[in-house]
Amino acid sequence: MEQFLALIIAKYNYWLYVVLMMIGFYAMIGKRNLVKKLIGMNIFQTAIILLFVSAGVKHGGKIPILDKYEVLKHGVDATQIVNPLPHVLMLTAIVVSVSVTGVALAVLLRIYREYGTLEEDEILEKLGK
Amino acid sequence: MKLLQERTAKLKLGESLIIQTAVRIMVPFIQLFGLYVIVHGHYSPGGGFQGGVILGASFVALALAFDQKFSMQLMSERVNGVLGNLGALIFVGTAVLCALFGGLFLDYSALDKLIPLGPIGWRSFGIFIIEVGVGLAVMSIMVSLFWDIGSNGEMDEGL
Amino acid sequence: MKALAFVATLVTGAILLYGTMDFPAWGDPQAPAATHLSNYYIENAVAETHVPNLVTAVLGDYRGYDTMFETVVIYCAGLAVVSVLRRKKT
């Protein structure tokens, strides 16, 4: 039991992201309303972004904005600076998630214009007749 | 006092004089901060995406406090489209220009033959150019997304 | 139906938690993500590009393709929203 607790404490950030991801996943597959599904997808994306950003953390590391003249003169110790690569990738992912949300909202507005509802089963009923 | 009462009586439902005045004062500073974030991306947190979103947010604030017609008067749809296309064109054009001047695609140091800044200086300045392009494109797309989604495609008063 | 969704969510979460057992501890400087490529960026990016902000240097220079096609992605998103929603001919 103590080993298990130590395991959780060493990696509690991953547990938080998995819980966040489960909330988003449940909203995507369990809810009937299309807007709620979209919000679930946003929560899911947030969990993944947090996971990648936390992969770049180093204990005691400084932010990846260096002092130019200091670095040019003496060089830099790579273990003292936080990994900048996940930040770059997630900057890309955030912008893509914003565009995906925009397109999804546009499609939802179009569906509402066509069917007068955003509930999944009502749309299926109207499609079936 | 009387002037204020007259202006308040003219407002439509859901509009408030206090919010309108506050937004009117704040928008220039928001846009200045957005430009600062774009231009200062080399030395502090920031860059094209973040600054572009801040610039777009200033127009969204105008469209929320007044109505969408007002924000479309300040930046017409045509200007918005031109800015968005120009931003994407700056980025791709810089990349193609690098290839034309004998380097690889997106290798800014090849532009040294055009204006002699040194290869390292061009790699720094090329990042600045593409950040400006990205900022313009992101601002234009954010404003266009809000206009279209907020007014359900009719481009009238909106929310 | 909702119970099925709940069970599926729990199973997915359990599988992911089992997967995190092999992950490195949080903030470990010797983690695989921090030992291969990123050290090159941290050590050489300032000398090669003269940009102190490493995120901007990697975003604009080393991963320029990524950023370029991402700009294309949001541009396409704007076009898609306009063409899906617009009703009035202007």
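**Notes on the predicted model**

1. Let me begin with confidence. Chain A averages a pLDDT of 90, and 100% of the residues score at least 70. Please keep in mind that this is a predicted model.

2. Next, a helix pair in chain B. Helix α5 (residues 77-100) of chain B packs with helix α6 (residues 119-150) of chain B at an angle of about 150°, and their axes are 8 Å apart. Because an angle over 145 degrees counts as roughly antiparallel, α5(B) is roughly antiparallel to α6(B).

3. The crossing of these two helices, α5(B) and α6(B), is left-handed. As for the make-up of their contact, its residues comprise 14 nonpolar and nine polar, with no charged ones.

4. Now to the contact between chains C and A. Chain C contributes 42 residues and chain A contributes 45 residues. On the chain C side, the elements that give two or more residues are α1 (2-20), α2 (38-49), α3 (54-62) and α4 (64-85) of chain C.

5. Which element provides the largest share of the side of chain C that touches chain A? That is α1(C), with ten residues. Sorted by class, this side of chain C has 28 nonpolar, nine polar and five charged residues.

Technical notes:
Residues numbered from 1 in each chain as written. Chains lettered and ligands numbered in written order. Predicted model: local features only at pLDDT ≥ 70, side-chain atom pairs only at ≥ 80, totals over all residues. Axes fitted to C-alpha atoms, helices over the stretch in contact; angles between N-to-C directions. Helix = DSSP H or I, 4+ residues; strand = E, 2+ residues; numbered from the N terminus. Parallel < 35°, antiparallel > 145°, perpendicular 65-115°, else oblique. Left-handed = near helix turned anticlockwise from the far one by under 90°. Nonpolar A, V, L, I, M, F, W, Y, C, P; charged D, E, K, R; others polar. Contact = placed C-beta atoms within 7 Å. pLDDT = per-residue confidence, 0-100.
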